[in-house]
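Dear colleague,

My notes on it follow directly after.

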Amino acid sequence: MVDEMTGMTEGGRPPSNPPSETPEGGRPPSTPPSEKTAMTEGGPPPSTPPGETRDTLDIWVAGTEEPQFQPTDEGTQEFGPDETEARLDEQFGRVVDDDYIFDDEVSDDERSVLNMGPQHPSTHGVLRLQLELEGEVIRRTKPIIGYLHTGMEKTAEQLSFYQGPTNVTRMDYLAPLHCELAYSLAVERLLGIEVPPRAAAIRILMTELNRVSSHLVALATNGMDIGALSMMIYGFRERESILAFFEKTTGLRMNHNYIRPGGVAADLPPRWKDDVAAILDDLPGRLDDYDDLLKANPIWIARTQGVGVISAEEAIAFSITGPALRAAGVDWDLRRAFPYSGIDQYEFDVPVGKSGDVYDRYRVRVDEILESLKIVEQVMDAIPKGDYRVADAKITPPPRGRIDESMEALIHHFKLFTEGFKVPSGETYVAVESPRGELGCYLVSDGEAQPYRMHTRAPSFYNLQALPIAMADSLVADTIATIASMDPVMGDVDR
Amino acid sequence: MNPVLESLAAGFDTVAWEESHGQDVARVPGEDWEAFARAAKEIGFEVCADVTAVDWLRQRPERYEVVANLLSIAHRTRLRMITSVGREDPTVASLTPIWPGAGFAEREVYDMFGIHFDGHPDLTRILMPDEWEGHPLRKDFGVGSVPVQFKESHQVS
Amino acid sequence: MATTAPGNLLITTVTKAANWARTRSMFPATFGLACCAIEMMASGAAHYDLARFGMEVFRASPRQADLMIVAGRVSQKMAPVLRQVYDQMPDPKWVISMGACASTGGMFNNYALVQGVDQVVPVDIYLPGCPPGPQSLMHGILTLHDKIMAGEIVN
């Protein structure tokens with residue numbers, strides 16, 4: 001644009017109202033404003049006094065006839081009838097009253113809106129971000145979600161309580177056992193039953209191994225997004241050994257449907273201790289390899305330290321839990337605060353960071369892997385013998401062999417798998433510490449065999465709310481690092 | 001009742017307190033919802049863990065219940081606030097000015113149930129497409145399942 | 001077209017060569033949505049290596065990709081995006097619908113999901129599984145390769 005070029009050669013910011021003798025570059029030659037009718041294409045809006053040029057931003061204001069550039073409305077979720085000047089001023093940054101933008105002066109530079117996603121290699125699933133950029137700096141962000149909404153809460157009202165885990169396990173698909181555990185604990189609390197100690201220990205074993213595999217994916221994608229492409233290969237390679245163990249125990253590599261109300265679906269396979277011992281021997285050495293690659297790497301440090309900072313107050317205000325909260329310095333872990341399934345009998349530390357940036361979140365996750373391996377080792381050494389599910393015939397299906405022998409077993413099996421067991425009415429909220437934070441299940445029952453309302457408190461849903469705060473006034477390249485470090489799982493967010 | 005909540009209970013006499021499977025539940029009437037929430041934040045519930053709703057359709061006199069689960073890191077305790085909202089023009093005060101973390105959750109409740117939150121900065125659909133009509137988690141909104149056809153079967157109407 | 005021209009040995013050989021080249025370096029477009037995406041990433045990783053089929057390069061831009069592996073559940077909000085990405089891919093293009101949710105809507109027969117991705121894009125291979133393991137995915141990909149080599153799928 002001609003006037004801005006002249007403005008810049010004078011060494012200052014281009015004036016907002018360039019001198020009227022310089023034609024505004026963005027305006028195509030057209031009839032003078034006085035001859036303009038309401039429906040003429042091109043040219044400034046008729047309210048411009050003749051001879052005076054308008055700032056290009058003004059043509060975005062609603063209420064002008066036939067603006068030159070139609071604002072795009074893909075995905076803007078609020079262009080509604082109550083669109084006032086004041087609101088648009090706020091949205092386009094002419095009036096800034098949020099306290100996380102440091103530059104209080106209204107900027108005359110053009111801000112461009114960049115749409116990132118939903119199909120994007122670095123957004124960890126179908127997350128869509130609308131970034132308002134000023135050059136390379138992000139001023140405002142709006143996360144738009146819902147691209148993976150599956151109606152799981154509605155589906156849960158159609159499935160029986162025993163089928164529930166098949167549904168919830170697909171919410172946070174990187175930590176499916178945690179989802180199943182939250183649901184099963186909620187059902188068991190409403191039923192008023194306690195699972196046998198062996199079942200509780202097996203649950204802890206499986207969920208802590210799941211935490212390890214989930215953090216490995218987080219490290220892998222974190223590394224890949226920032227540029228350490230080999231981390232992707234390393235992370236998934238280690239994960240394979242854990243998934244092989246899961247496949248042996250539960251039958252599936254992912255989405256196991258293993259932790260069910262009443263206990264677990266099947267006992268651990270014979271010689272499972274050899275498999276777990278192999279994992280425990282192998283992983284710490286590999287983690288040292290990753291530390292060699294990343295921990296003191298100047299490129300990694302330059303890209304992750306001081307980036308995506310979320311302070312402790314911001315984290316608490318935005319209901320962020322999990323590694324992001326601990327990296328900000330808050331020592332809060334549900335395994336310590338509200339222990340579940342007998343986890344308080346095992347000794348482990350809770351790693352806490354200092355500055356809440358991407359580097360601290362990465363370190364917290366690596367340390368959590370080591371702590372989880374400690375718990376797995378303790379479970380392996382001290383696992384009690386006994387039943388792997390509660391012995392109540394009204395809740396637990398009978399063993400398959402008994403169906404041929406006993407009529408009651410056959411009838412119970414039939415009733416449990418066609419109708420399901422009924423849960424007394426009530427409501428409860430149970431939360432477990434998933435790799436992403438507090439994963440809770442709010443369950444309401446009205447005495448029937450299906451839940452009346454099943455709501456999952458998804459950690460990634462809340463963690464994403466902090467993205468605008470973490471990404472304010474940062475560069476586009478840091479966006480990728482920040483999203484990767486928050487480790488959102490879109491199945492959890494959208495359910 | 002948890003001793004932490006004594007002062008909170010003393011300040012509001014319209015609130016009914018219950019215990020549900022070991023957790024404290026406060027049934028708050030709609031007009032005191034925001035004041036109670038502020039008071040709860042004052043005494044130490046810094047985190048709003050979850051905001052959700054239940055549709056009781058015809059089982060209760062007031063159709064919807066809005067449920068907020070609060071968490072106190074300092075006191076290591078939880079509190080659940082429940083309020084009942086009627087079926088005509090369901091509206092509740094928003095908790096977002098108190099806890100910004102409730103923003104997305106209240107949008108989800110609006111999207112899924114149609115309950116309005118007064119004072120929410122951006123109450124729009126979040127999970128469904130913008131032009132979707134209806135509120136899916138209401139009990140009178142069908143599941144929307146399609147009949148499953150098998151290869152050899154006749155056309156399912 | 002070329003293969004039906006009678007007695008034209010040169011053109012049929014070129015078609016065969018083209019099909020061979022297309023299968024041996026098919027670039028998938030990243031369309032990983034949900035749990036199946038993780039299995040797709042795992043099949044690209046070291047243990048189950050997709051690079052031996054020339055496919056480890058997952059192109060982010062659909063303009064540079066041949067194959068769209070729809071991995072995961074497609075919600076109502078995502079369906080137009082899916083169609084747009086499919087339309088942006090240049091010919092010849094193929095679609096594998098990976099997993100039960102992409103093929104038929106899976107276990108979620110409800111308002112929120114498109115019951116089968118073939119309502120939005122034409123599908124060449126359907127992969128069952130929830131999620132299909134990397135071996136199943138590779139079997140599906142190799143079946144697609146066979147079909148292309150045999151000339152069954154011309155597009």
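In these notes a residue is called buried when its relative accessible area is under 20%, exposed when over 50%, and partly exposed in between (1.4 Å probe, protein chains only). Helices (H or I, at least four residues) and strands (E, at least two) are DSSP runs numbered from the N terminus. The model is predicted: local features need pLDDT of at least 70 and side-chain atom pairs count only at pLDDT 80 or more, while totals for chains, interfaces and linings use all residues. Residues are numbered from 1 along each chain as its sequence is written, chains are lettered from A and ligands numbered from 1 in the order in which they are written, and side-chain values use heavy atoms, with hydrogens and water left out.

In chain A, helix H18 (residues 476–486) is largely enclosed by the rest of the structure, because 10 of its 11 residues are buried. Among them are A:Val476, A:Asp478, A:Ile480, A:Ile483 and A:Met486. A:Asp487, with a positive phi near 55°, follows H18(A).

Chain C has five helices and four strands, arranged along the sequence as α-β-α-β-α-β-α-β-α. Its radius of gyration (over C-alpha atoms) is 16 Å, close to the 15 Å that the globule rule gives for 155 residues, so chain C is as compact as a globular protein of that length; the rule is 2.2 Å times the number of residues to the power 0.38. The C-alpha trace of chain C spans about 55 × 35 × 25 Å along its principal axes. Of the 155 residues of chain C, 52% are buried.

Yours sincerely
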